[in-house]
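I record what I looked up, entry by entry.

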Amino acid sequence: MNLETEMENNHGRQPADTHDRIELRSDKVRHIIGTRPPAAVRYGTLIVVVVMALIMIAAAIIPYSPDGTTLLQRLLP
């Protein structure tokens, strides 16, 4: 009986001896998964902060009511 026939009989489950032979997370894979790229994190955070600041500035400057007042004019007396 070959492996394909055995897997069909087990409804797609791998036999126990095959599962034990597979090393799911080697040292190299754990090292790659465990480290995150510092530049991507740093620049990603910077981009999010800049976009949020631009949204707040736009909300304070762009008029939103028919009389032309801005959010900043409504908040400040």
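I looked up Arg-74 and found it partly exposed, with a relative accessible area of 49%; the classes are buried under 20%, exposed over 50% and partly exposed in between, using a 1.4 Å probe and protein chains only. The model is predicted, so local features need pLDDT of at least 70 and side-chain atom pairs pLDDT 80 or more, while totals for chains, interfaces and linings use all residues. Residues are numbered from 1 along each chain as its sequence is written, and side-chain values use heavy atoms, leaving out hydrogens and water.

I then looked up the partner of Arg-74. Arg-74 forms a salt bridge with Asp-67, with the closest N and O atoms 4.0 Å apart. The term requires a side-chain nitrogen of Lys or Arg within 4 Å of a carboxyl oxygen of Asp or Glu, and the count by this rule is 1. Side chains of opposite charge can pair when their charged atoms come close. Asp-67 is exposed, at 56% relative accessible area.

Helices are DSSP runs of H or I with at least four residues, numbered from the N terminus. Thr-70 is buried, at 9% relative accessible area. A polar atom of its side chain lies 3.3 Å from the backbone oxygen of Ala-60.

My last entry concerns Thr-69, which lies in the loop between H4 and H5. Beyond four places in sequence, Thr-69 touches Pro-63, Tyr-64 and Arg-74, where contact means heavy atoms within 4.5 Å.

Key. A polar contact is a pair of N or O atoms within 3.5 Å; within protein, one must be able to donate a hydrogen and the other to accept it, and residues adjacent in sequence count only if both atoms are side-chain atoms. Helices (H or I, at least four residues) and strands (E, at least two) are DSSP runs, numbered from the N terminus.
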